[in-house]
Amino acid sequence: FSTGAWTLRRASGPVPAERGGAAMVFDPVRQKVLMFGGRAASGYNYEDLWEWDPTTGEWTERTGSGKHPSARAQHAMLYQKSTNKILLFGGGRSTTGEDGIRMSASIGDTWELESATATWTASTPTTSPSARHDFGLAWDSTNNKAVLFGGLQVDVSDTTGVQKQDTWEWDPSAQT
């Protein structure tokens, strides 16, 4: 930050496939960057978890045991300081059409990741935002809650979808 310049980092080992719409988050406890999902230029949706080490510049694919979020793009992840877990919400599945890549369906599920073990846990709150992708998600460290705003909800493939302008809070300690 002191120089105001970008630095290209090249890994010597394996790297994730090219993609757009992936979500990334920094885990300050482990000092690693985690990336999940995204979409290939072909419209293929990824469901892989990768970890980048800023010290070495190397990528490692993380495969935990058990269930994990389905393939998606344009979702969001954040680090929950109060629980030391990663939150993932929403996103969408894409398809390719005559005019390029489109979202065929928005997703509205909530997952938490224990980054040290790459273990995902699905959360099923009684009330949650509608399915959506391409929304804003930030951590409110004063109230220890995630705040979500807006997005686009697509329920039927090849439709423009519905713009959202609602605000939601996620309390990781209460799972609500």
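Visitor: Which residues form one aromatic cluster?

Guide: In this predicted model, F36, W111 and W120 make up one aromatic cluster. The count of aromatic pairs comes to 6.

Visitor: How is the geometry of the pair F36 and W120 classed?

Guide: The class follows from the angle between the ring planes, and over 60 degrees counts as edge-to-face. The ring centres of F36 and W120 are 5.3 Å apart and the planes stand at 65 degrees, so this pair is edge-to-face.

Visitor: Are F36 and W120 buried or exposed?

Guide: The cut-off for buried is under 20% relative accessible area. F36 has 1% and is buried. W120, at 8%, is buried as well. Another edge-to-face pair is W50 with W59, at 6.4 Å centre to centre and 80 degrees between the planes. Both W50 and W59 are buried.

Visitor: Which charged end sits over the ring of Y46?

Guide: That of R19, at 4.0 Å from the ring centre.

Visitor: How many salt bridges does the structure hold?

Guide: There are 7. One of them joins E51 and R30, where the closest N and O atoms are 2.5 Å apart. E51 lies in strand β3 (residues 45-53), while R30 is in the loop between β1 (23-27) and β2 (32-39), and the two are 21 residues apart.

Visitor: Which residues are linked with R30 and E51 in a network of salt bridges?

Guide: The network consists of R30, E51 and R62.

Visitor: What is the N to O distance in the salt bridge of D109 and R72?

Guide: The distance is 2.6 Å. This pair also links distant parts of the chain, with D109 in strand β7 (residues 100-114) and R72 in the loop between β4 (58-62) and β5 (76-80), 37 residues apart. R72 is buried at 0% relative accessibility, whereas D109 is partly exposed at 24%.

Visitor: Which strands are tied together by the salt bridge of K145 and E169?

Guide: The side chains of K145 and E169 meet at 3.6 Å, N to O. K145 is partly exposed at 23% relative accessibility, and E169 is partly exposed at 46%.

Visitor: How should I read the sheet that holds β10 and β11?

Guide: Strands of a sheet pair through backbone hydrogen bonds, either parallel or antiparallel. Here an open sheet of 3 strands runs in the order β9-β10-β11, with antiparallel pairing. β9 (136-140) and β11 are the edge strands, each pairing on one side only. From one strand to the next, the twist averages 10 degrees.

Visitor: How many bridges join β10 to β11?

Guide: The antiparallel strands β10 and β11 are joined by 7 bridges. As one example, F149 has T167 of β11 as its bridge partner.

Note on methods:
Residues are numbered from 1 along each chain as its sequence is written. This is a predicted model: local features need pLDDT of at least 70, side-chain atom pairs count only at pLDDT 80 or more; totals for chains, interfaces and linings use all residues. Side-chain values use heavy atoms; hydrogens and water are left out. A salt bridge is a side-chain nitrogen of Lys or Arg within 4 Å of a carboxyl oxygen of Asp or Glu. Helices (H or I, at least four residues) and strands (E, at least two) are DSSP runs, numbered from the N terminus. Buried means under 20% relative accessible area, exposed over 50%, partly exposed in between (1.4 Å probe, protein chains only). Rings of Phe, Tyr and Trp (its six-membered ring) pair if their centres lie within 6.5 Å; planes under 30 degrees apart count as stacked, over 60 as edge-to-face and the rest as tilted. A charge sits over a ring if NZ of Lys or CZ of Arg is within 6 Å of the ring centre and within 35 degrees of the ring normal. Two strands pair if DSSP finds at least two bridges between them. Axes are lines fitted to C-alpha atoms, for helices over the stretch in contact, and angles run from 0 to 180 degrees between N-to-C directions.
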